[in-house]
Amino acid sequence: MARFNAIVELLRPRTLLVTPLSYCVGVAVADHSLDLVVLLGVVFHVLAPLAANAHNAVTDLVEDGKNVPGRLKLVETAGEQTLTRIVYISLGIMLLLSLAISLAMSIIWVFSVFLVLGYSSPRFRLKGLPVTGMAVFAMAVTEPFIAGSLLGDSWGTVPHYDGYQPIALGAFLFFWYFAKGIMKNVPDYAGDKAAGLRTIPALMSSQRSAAWAAAAATTLVYVAFPVLVLVSELPDRLAYVGLMTLPAVANMIGMVRARTQLEYNLVGQRDMYVSVVFLGLLLFAWRPSVGSAVIGLLAVSVMVWSDVSGRDSRASRHLDRAESAMSVPGGGGPISDH
C-alpha cells in the first residue's frame, strides 16, 4: 500500500486535469459531439501528463532534493523502474488510442512523445532552456486543444473552419500557459538555480524579482482574454470567463508577498485551481450544456479529493527539509543543499 500511495502521489492527479479540459475545449470548437472517440481522446490526454509526471519524478532528483525533498522518499518507495515502466506503458496505450481516434491524433502522438520525454530527459533537458522550456510546457494545453479542434467526422478527416477562431484561441492558450510556466518555476527558484537550470525565474537576480515577473505575466494574459474576445470573432459570451482575472490577480498578490517556500508552494497550488476553473468555464461558455458543466465539476472534484487526501508529491509535508537526508536513488549519496 505504501508503494501504491507513493506512485499515486508522484503521478499527481491534481495536475492531470488541464490537458483533457483543453482537449474538450478543442472538441467544442470543432462542434464535435461527445461520443466514444472523444472519451478515448480524454483518456489519451490524461495519460500524457501522467507519463510526464512519472518521467519527471525519475529525472528531476537533483533539483527536487532542494525544492521538494520529500519527493526523494516517494521515488525510493515507488521504485525508479516502476515509474519508468509507467512512462512507456502509458505511451504505448496512447499510441493505440491515437490509432483508434484519427489520423491527425496519430501524428500528434509522435509530438506528444517528444514533449513527454524531451522536457526533462538528461539528453535534451528542454526545461532548462528559458524560452524553449516554457514553450514546451505551454504545449501541455496547446497540443490537446489542437488535437480536439482537429477531430473530424471520420478517421482521416479534419473540420473545415471559415474563420480564425481556433487559431486565436489556441494562440491565447499557448501564451496563457507560457505565463503559468514562469509562475510554477518561482517556488523552485533555489533548486533550479543549484541544478544549473536556466528557467526564466532562475535567470532573475532573486526569487522576489522572479515572483514579480511571474505576477506581471500572469496578470497580462488574464486581462488580455476579454480584450481578445472583443476584438476577434470569438463568441461574445466567452468574455465572462475573464472574471477569472480577479482570483488570478489576487493569487499573484500572494506570490509577490510570499517569503517562504511553503507560501510560494501554496500560491502554485491555488493557481492550479484558477487554471482548472478557467478552462471549465471556457468549455461551458463555448458549449453551454449539462455535459460541459459535469466535466468542469468533475475536474474540480478530483483536485479537492487530491488535496484533502494529500495525494500529491508537492503537498506541504514533502517540503520538510528533514526529508532531504534521503539518498537520491541511484545517486550514491545524500542530496546536499549546497
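Modeller: Helix α9 is largely enclosed by the rest of the structure, because 15 of its 21 residues are buried. The model is predicted.

Colleague: Why is Phe-178 called buried?

Modeller: Buried means under 20% relative accessible area. Phe-178 has 16%, so Phe-178 is buried.

Colleague: What makes Phe-174 and Phe-178 a tilted pair?

Modeller: Two rings pair if their centres lie within 6.5 Å, and planes under 30 degrees apart count as stacked, over 60 as edge-to-face and the rest as tilted. For Phe-174 and Phe-178 the centres are 6.1 Å apart and the planes are at 45°. The distance is within the limit and the angle falls between the two cut-offs, so this is a tilted pair. By this rule the count comes to eleven aromatic pairs.

Colleague: Where do Phe-174 and Phe-178 lie?

Modeller: Both are in helix α9, residues 165-185, and they are four residues apart, about one turn of the helix. An α-helix has 3.6 residues a turn, so residues three or four places apart point the same way.

Colleague: Which residues do ring pairs link into a cluster?

Modeller: The cluster consists of Phe-137, Phe-172, Trp-176, Tyr-177, Tyr-222, Phe-225 and Phe-278.

Colleague: How do you know whether Phe-145 is buried or exposed?

Modeller: Phe-145, in helix α8 (residues 130-149), has a relative accessibility of 2%. The cut-off for buried is under 20%, so Phe-145 counts as buried. Leaving aside neighbours within four places in sequence, Phe-145 is in contact with residues including Ser-22, Val-29, Pro-166 and Leu-173.

Colleague: What about Ile-108: buried or exposed?

Modeller: Ile-108 is in helix α7, residues 103-118. Its relative accessible area is 11%, under the 20% cut-off, so Ile-108 is buried. Beyond its neighbours within four places in sequence, Ile-108 is in contact with Glu-143 and Ala-147.

Colleague: How many residues of each class are in the lining of the largest pocket?

Modeller: That lining has 14 nonpolar, no polar and one charged residues. The space in the largest pocket is about 350 Å³. Of the 15 residues that line this pocket, the closest to its centre are Pro-20, Cys-24, Val-42, Ile-295 and Leu-298. Helices α2 (18-29), α3 (36-59) and α14 (290-309) each give two or more residues to the lining.

Methods: Residues numbered from 1 in each chain as written. Predicted model: local features only at pLDDT ≥ 70, side-chain atom pairs only at ≥ 80, totals over all residues. Heavy atoms only, no water. Phe/Tyr/Trp six-rings, centres within 6.5 Å; stacked < 30°, edge-to-face > 60°. Buried < 20%, exposed > 50% of the residue type's maximum accessible area, 1.4 Å probe, protein only. 1 Å grid on protein atoms, 1.4 Å probe; cavity = no way out; pocket = protein on both sides within 12 Å on 5 of 7 lines; lining within 4 Å. Points joined across faces, edges and corners; volume = space filled by probe spheres on them. Nonpolar A, V, L, I, M, F, W, Y, C, P; charged D, E, K, R; others polar. Contact = heavy atoms within 4.5 Å.
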